[in-house]
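Subject: The structure I promised you

Hi there,

Here is the structure I said I'd pass on.

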Amino acid sequence: MTGEQWGSIRDELSETLGASSFKNWIKPLSFVGLEDGIARFQVPTSFMGNYVSQNFGDVILTKIAKIDSSVRRIAFHPVGTDAAKPVAKKKEAKPMPPKEHPYSDDRVQNDPLHGLPLDKRFTFDNFVVGKPNELAHAAAKRVAEGGPVTFNPLFLYGGVGLGKTHLMHAIAWELRTRHPHLNVLNLSAEQFMYRFVQALRDRKMMDFKELFRSVDVLMVDDVQFIAGKDSTQEEFFHTFNALVDQHKQIIISADRAPDEIKDLENRIRSRLQSGLVVDLHPTDYELRLGILQSKSETYSRMYPELSVEPGILEFLAARIVSNVRILEGALTRLFAFASLVGKPITMDLTQECLTDILRVSERKVSIEEIQRKVADHYLIRHTDLVGPKRVRTFARPRQIAMYLCKLLTTRSLPEIGRHFGGRDHTTVMHGVRRIEELKKQDAQIAEDVELLRRALEA
Ligand SMILES: Nc1ncnc2c1ncn2[C@@H]1O[C@H](COP(=O)(O)OP(=O)(O)OP(=O)(O)O)[C@@H](O)[C@H]1O
């Protein structure tokens, strides 16, 4: 890849990622060169390298690999380090070197058939299972066993960042381990089209057909991309049929169900529906917490010097409800930031470091809504909830409401106090702590808090 080619990839990234992400994260990257299949970039800080790699690494690599298939990995080097040195040496040069840095450049591996590079982190072991994704996970596991084809295709769909690609890669890894002789081709629908167009242009359609018909397992990510692209759909249809006829497994992912993909030919739609269609539901609190716990264990091994105050993961799981990618990005940023400033991860540091993400996710719950829900739940009046009376019937729900305000909003303790009849911030803090203690001792309170939290998040 040349600097010029990187320039055009940058332009594409600006469109794909949007102006703000582009300005903050991609623009500051400067392409240093290509060496042994590794595209190297200089970044202003190691924090930035870490963040870009974690959040945009896949999309950058995919775009580069499309232009130059010799590029297998990407690496980010903070300014001031010698970008040409092997990465392992650079890790030693960092002030607080994590044991296995997230942007060490060996987390992806190329597919032998030149499909999408497989991400080493996307395995079944690293996939946290919860109610919203258990069916998709079970179906993926079954297909990954590589036994006789029972449902064809397996069609996985779900919203942005809910784990479709992760499951696809996990299937590919597992198949590679269990059945190394199988030809597993994992690619995006965009890549399929790109190759198809290239084959047409180079008059190599026979090679194209031969390649796609020779695979044992075909995995196509983001199939909605081919909607409205007539010749690509046509070719995809033939490929699909040829493989199904040979009892070869096909696995497809999309951001929506087959019948919701507009401009898709009916015959393709019905083909896609003919196997097993499973969706990944939006995450719930428990799944988000599970994912955070699992990722935080990994980070704690990488940054052993950092301690995490109790309650932080629960706070993030309650507050960041959008998608797993954002949740993960928040945790990465938090650990990287804490490591840079050399401080433990406390609630204050979390709020400071993640202000933008927390602000976006704040929209949902207001203090008033929390008060209303709590008052309804305990069958008391709003005026009593925020009023001066200290009898337990009012005081306990009041403390629960304060606790939920602290958990689900970014309002400060004094602000919360003002909404509770002008109470002092120390009273709010006392209330929050009391509920934290009671949740451990009193099952009824724990259940009430949980019920209310769910109702407010729904
Ligand atoms: N259940 C899970 N356990 C662990 N990590 C998860 C889980 N679900 C998603 N992730 C992580 O969230 C990130 C986004 O997941 P992934 O890329 O698979 O989403 P996607 O559904 O393919 O999104 P998109 O529609 O944007 O392509 C990845 O880093 C993935 O590892």
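This is a predicted model: local features need pLDDT of at least 70, side-chain atom pairs count only at pLDDT 80 or more; totals for chains, interfaces and linings use all residues.

Residues are numbered from 1 along each chain as its sequence is written.

**The ligand**

The ligand is surrounded by 18 residues, counting a residue as near if its C-beta atom, placed from the backbone, lies within 6 Å of the molecule. G163, K164, T165, H166 and V324 are the closest. (Helices are DSSP runs of H or I with at least four residues, strands are runs of E with at least two, and both are numbered from the N terminus.)

What is the shell made of? It has seven nonpolar, seven polar and four charged residues. Here Ala, Val, Leu, Ile, Met, Phe, Trp, Tyr, Cys and Pro count as nonpolar, Asp, Glu, Lys and Arg as charged, and the others, Gly among them, as polar.

The ligand lies between domain 2 (118–280) and domain 3 (285–361), because both give residues to the shell around it. The domain bounds come from an automatic or database domain assignment.

**The three-stranded sheet**

Three strands make an open sheet with mixed pairing, in the order β1-β2-β3; two strands pair if DSSP finds at least two bridges between them. At the edges sit β1 (30–35) and β3 (73–78), each pairing on one side only. Neighbouring strands are turned by 25° against each other on average, direction ignored. (Axes are lines fitted to C-alpha atoms, for helices over the stretch in contact, and angles run from 0 to 180 degrees between N-to-C directions.)

β1 pairs with β2 (residues 38–43) in the antiparallel sense over five bridges, and G33 has R40 in β2 as its bridge partner. Helix α3 (residues 46–67) packs on this sheet, touching β2 and β3, and its direction makes about 155° with that of β3. Contact means C-beta atoms, placed from the backbone, within 7 Å.

**The five-stranded sheet**

Five strands form another open sheet, with parallel pairing, in the order β7-β8-β9-β6-β10. Its edge strands are β7 (184–188) and β10 (276–280), and the twist averages 15° from one strand to the next. Four bridges link β6 (residues 154–158) and β9 (residues 249–254), with L154 opposite I251 in β9. Helix α5 (residues 134–145) lies across β6, β9 and β10, at about 135° to β10.

Cheers!

Methods:
Two residues are in contact if their C-beta atoms, placed from the backbone, lie within 7 Å.
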